[in-house]
Amino acid sequence: MLKVLGIDVTSDLLERWVDWLAPDEQPFFVTRKQATAWKLTTDDREPSREDRDTYRTYAVDPKAARTAWLSQEKYDALPKATRAALVRAQVGYDRGAVPTVRKWSRIVGPEVRQQADGHRFVWWKSLLREPARVLPGVVSEDLGPSRHAEVRTWPEALPRVRELAGTFPDGSGPNCFGTVMAACGVDGAESVWMVREPFEEWLENHTERGGKDDVPGTVFVWRDAARLVQHAALTIGDGWMLHKPSQSWMTPRKVRTVAEVKRATRTAGWRLERHKLVA
């Protein structure tokens, strides 16, 4: 079985990753002037959750207020100069999934050099003929592996931790809050996009301030300057911690050391507080 970030990935999940990385139509973000100049039809359809995370639509420059949804057929039909300008614009607007030719041409093939400007390209299913060679690199690009195989003692008081550790979600949505709540016994929490309010309510009703880093059951909560909770993780003992880095389909529920999670989550303006589970 294929392993990604130290986690088993089924053929079914790998096929879904192909659809999420390279949907049949993908969004290209442009200004009204660019849409007119490049003869692109735009519409206001809502992206799926997977589209949102693949293309980081939440981070796109707001001046690119129009969206053209293109299939590969429509994309390939554009003049090459237009494709090149369009792809360069996506980089400038901070759209996700615009990888470099330098990194991927040897793995995917020389066709990526001809797709746009020779420096960047976009993913289509035609480039994913060998998904087991490509997808692991895409998914693991910015993440460290899950170290669940190194855990020797799992906390008896938190029986679901072992079940959740080292697993990928079935799509975008499941996040850090739901992962912590599920590990602490909330049925189904690992499968939903858990927003702040129910997490805060759970935190209020099931924890109290305090807790130690080296024992199971300490909930780490990071808050921004406005006191809004931004991330959460759970200690599982012996210096290990369970967390899910984001709501993206690419991020697993993984085990890292407490130090590794703290280091990865360090963000300007965020403050860490600890809560311990209570009966």
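This is a predicted model: local features need pLDDT of at least 70, side-chain atom pairs count only at pLDDT 80 or more; totals for chains, interfaces and linings use all residues.
Two strands pair if DSSP finds at least two bridges between them.

- Strands of a sheet pair through backbone hydrogen bonds, in either a parallel or an antiparallel manner.
- Strands β6 and β7 run antiparallel and are joined by five bridges; V219 stands opposite L234 in β7.
- Three bridges link β7 with β8 in the antiparallel sense, and G237 is found opposite W240 in β8.
- Strand β8 (residues 240-243) also pairs with β9, again in the antiparallel sense, over four bridges; here M241 faces R256 of β9.
- Strand β7 is mostly covered, with eight of its nine residues buried.

**Hairpin turns in the sheet**

- The hairpin of β6 and β7 has five residues between the strands, and R227 in the turn has a positive phi of about 75 degrees.
- In the hairpin of β7 and β8, two residues lie between the strands, and D238 takes a positive phi near 60 degrees.
- D238 has this positive phi although it is not a glycine.
- Is D238 buried or exposed? Its relative accessible area is 56%, so D238 counts as exposed, the cut-off being over 50%.

**The α10 and α11 pair**

- Two packed helices are described by the angle between their axes and the distance between the axes.
- For α10 and helix α11 (residues 196-206), the packing angle is about 35 degrees and the axes are 10 Å apart.
- The crossing in which α10 passes α11 is left-handed.
- Residues F177, V180 and M181 of α10 meet R196, P198, F199 and W202 of α11.
- By class, this contact of α10 with α11 comprises six nonpolar residues, one charged residue and no polar residues.

**Helix α6**

- Within helix α6 (residues 101-108), the residues V101, W104, S105 and V108 are buried.
- Why do these residues lie on the same side of α6? They cover an arc of only 120 degrees around the axis, and therefore they share one side of the helix.
- An α-helix has 3.6 residues a turn, so residues three or four places apart point the same way.
- The exposed residues R102 and R106 are on the face of α6 turned away from its buried side.
- The cover over the buried residues of α6 includes α7 (111-115) and α8 (131-139).
- After α6 comes G109, which has a positive phi near 135 degrees.

- Helix α1 (residues 11-21) has L13, L14, W17, V18, W20 and L21 as buried residues.
- These buried residues of α1 pack against β1 (2-4), β2 (7-9), α3 (49-54) and α8.
- L5 lies in the loop between β1 and β2.
- The phi of L5 is near 55 degrees, a positive value in a residue other than glycine.
- With a relative accessible area of 9%, L5 is buried.

**Residue T67**

- T67 has its place in strand β4 (residues 66-71).
- T67 counts as buried because its relative accessibility is 14%, where buried means under 20%.
- Leaving aside residues up to four places away in sequence, T67 touches P27, F28, F29, T41, T42 and D43.
- T67 and M194 are 127 residues apart along the chain, and their C-alpha atoms are separated by 28 Å.

Notes
Residues are numbered from 1 along each chain as its sequence is written. Side-chain values use heavy atoms; hydrogens and water are left out. Buried means under 20% relative accessible area, exposed over 50%, partly exposed in between (1.4 Å probe, protein chains only). Contact means heavy atoms within 4.5 Å. Axes are lines fitted to C-alpha atoms, for helices over the stretch in contact, and angles run from 0 to 180 degrees between N-to-C directions. A crossing is left-handed if the near helix is turned anticlockwise from the far one by less than a right angle, and right-handed if clockwise. Ala, Val, Leu, Ile, Met, Phe, Trp, Tyr, Cys and Pro count as nonpolar, Asp, Glu, Lys and Arg as charged, and the others, Gly among them, as polar. The arc is that of the directions from the helix axis to the C-beta atoms.
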